[in-house]
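Reader: Could we go through this structure together? I would like to begin with its pockets.

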Amino acid sequence: MLKIKKFPNTFTILFLLIAFFASLTYLLPAGKYTREMNEQLGRDVPLPGSYHVIESSPQGFFDTLMAPISGFYDPISGVIGAIDVSLFILMVGGFLGIVTQTGAIDTGIARIMVRLKGKEIYMIPILMTLFALGGTSYGMAEESLAFYGLLIPIFMTARFDPLVAVAVIFVGTGIGTLGSTINPFGTVIASNAASVDFLSGVELRFAILAIALVVGIGYVMRYAKKIQNNPDSSLLAHLRDDNEKHFLGGKDSTDNLPLLTVPQKGVLVLFILTFSIMIYGVSSLGWWMAEMATLFIFMGILCGIVGRLSEDDLINSFVAGAADLIGVALIVGVARGIVVVMEAGNITDTILNYAEGLVAGKSSVLFINTVYGIEMLLSFIVPSTSGLAVMSMPILAPLSDFANTGRELVVTAFMSGIGTVLFVTPTYGVLMGGLAIARIPYVTWLKFIAPLVAFFVVLNCIILSIGASLYS
């Protein structure tokens, strides 16, 4: 049997998809829908049944090579593509780099644990809530890898195992992604690609977030209590001695933890205030990518000043933070290259026409759950939230116009779909990196997380069905 030694990188997958869809411009007929303004939606929408074949315009070799560049901006017309989103991502990365450099978040978590000494089980709901807030607000993912080295020894000192620490961090941030409310790398980008306000449909996403978080906390606490009472019931019991030597070394990990300074407290206040201002600006002042990017630049500088960073530390941490997310920023443009070749080859509406045939006559409930399933499948191939958003939303969102379903519900189905799969996909670097740090076998993780993921699937289907019933 042929074995895959290494799954392709996200960029490789996207480049292959660009080439694949470019080849489809030679195979599929070019076509267009007649569109008219929908006053309720405030945009042009395709008219069902109006599809008609037009002259083909296959994309050649050079057109295919140019697609990723055109994904950022049209080099002929100068029309903005994904360049504004990419710049916004870099500014958010710089902001997070400065906040991290101040040590406010790390120290804040450490001090919470000291206060809970003797009541360590309560670290779980507190920390999972904080990580979930990070996931739902700014798409916390790669940044969470820094917390494993800090939390694993502390949780082990409290008579838990490394799996509890990983669950607190990864399930916490994962639930935040599952119920993304204002996540700029998921909800905002997907909403932008679907041509809707990212606050549209936030009620359903908040419901998913709240229910999933309560159940997730209960699930992790149940496992933690079980192994605290009986260490042999741990899924990692056979590795206990090695893990204690590796992570503890006979030293109490709660010794000499730093105090949360006044400047760090100020940084935490500014951190929360930044996202509050962003929500107000978008919802009430008409802000979009440029204004939000400006906000993160300014608040990043302010956090650095309040956190008493030197000029060099402030600038270097901003640049390093932006550099950490440059891959995400590039993925957005490259992924949009798929849309570029499809639109230039006039096959986007052709594919929509085929899909229209699949959803024709289907209820809105069946439609939205089908979208959820499609996004879960795609997430195994493209584990990048932002990359998949830009790739799939321009295709799937317009289909909701035919199914009498709001596009904001398609965005919710997208976030739910990728949020579900990221708990188990081996192509997700954050998951595999966290498991590697904690020395947890992948199969052991699957055994632990499978029941919770099954619950998330059922929950999402129910919430999406309710949304389709209420808002169709």
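**Pocket, pairs and contacts**

Author: β1 (31-32), β3 (43-46), α2 (61-72), α8 (184-194), α14 (326-344), α15 (348-359) and α17 (385-402) each contribute at least two residues to the lining of the largest pocket. Helices (H or I, at least four residues) and strands (E, at least two) are DSSP runs, numbered from the N terminus. The model is predicted, so local features need pLDDT of at least 70 and side-chain atom pairs count only at pLDDT 80 or more, while totals for chains, interfaces and linings use all residues. Residues are numbered from 1 along each chain as its sequence is written, and side-chain values use heavy atoms, with hydrogens and water left out.

Reader: Which element gives the largest share of the lining of the largest pocket?

Author: That is α14, with six residues. The lining has 36 residues in total, and R336, V339, V340, E343 and A344 lie nearest the centre of the pocket.

Reader: What counts as a pocket here?

Author: On a 1 Å grid over the protein atoms alone, a pocket is an open set of points where a 1.4 Å probe fits, with protein on both sides within 12 Å along at least five of seven lines; lining residues have an atom within 4 Å of a point.

Reader: What is the volume of the largest pocket, and which classes of residue line it?

Author: The volume is about 830 Å³, meaning the space filled by probe spheres set on the grid points, which are joined across faces, edges and corners. The lining has 18 nonpolar, eight polar and ten charged residues. Ala, Val, Leu, Ile, Met, Phe, Trp, Tyr, Cys and Pro count as nonpolar, Asp, Glu, Lys and Arg as charged, and the others, Gly among them, as polar.

Reader: New topic: how many salt bridges does the structure hold?

Author: There are two; a salt bridge is a side-chain nitrogen of Lys or Arg within 4 Å of a carboxyl oxygen of Asp or Glu. One joins R240 and D232 at 3.1 Å, N to O. In the other, D401 and R407 have their closest N and O atoms 2.7 Å apart.

Reader: Is R407 buried or exposed?

Author: R407 is buried, at 7% relative accessibility. Buried means under 20% relative accessible area, exposed over 50%, and partly exposed in between (1.4 Å probe, protein chains only). By these cut-offs R240 is partly exposed at 28%, and D232 is exposed at 59%.

Reader: How many aromatic pairs are there?

Author: The structure holds 16 aromatic pairs. Rings of Phe, Tyr and Trp (its six-membered ring) pair if their centres lie within 6.5 Å; planes under 30 degrees apart count as stacked, over 60 as edge-to-face and the rest as tilted. F95 and F271 have ring centres 5.9 Å apart and planes at 10°, so this pair is stacked. The pair links distant parts of the chain, with F95 in helix α3 (residues 83-102) and F271 in helix α11 (residues 262-284), 176 residues apart.

Reader: Are F95 and F271 buried or exposed?

Author: F95 is buried, at 0% relative accessible area, and F271 is buried at 12%.

Reader: Finally, what is I175 in contact with, apart from its neighbours within four places in sequence?

Author: I175, in helix α7, is in contact (heavy atoms within 4.5 Å) with M128, L209, A212, L213, G216, F423 and F456. I175 is buried, at 0% relative accessibility.
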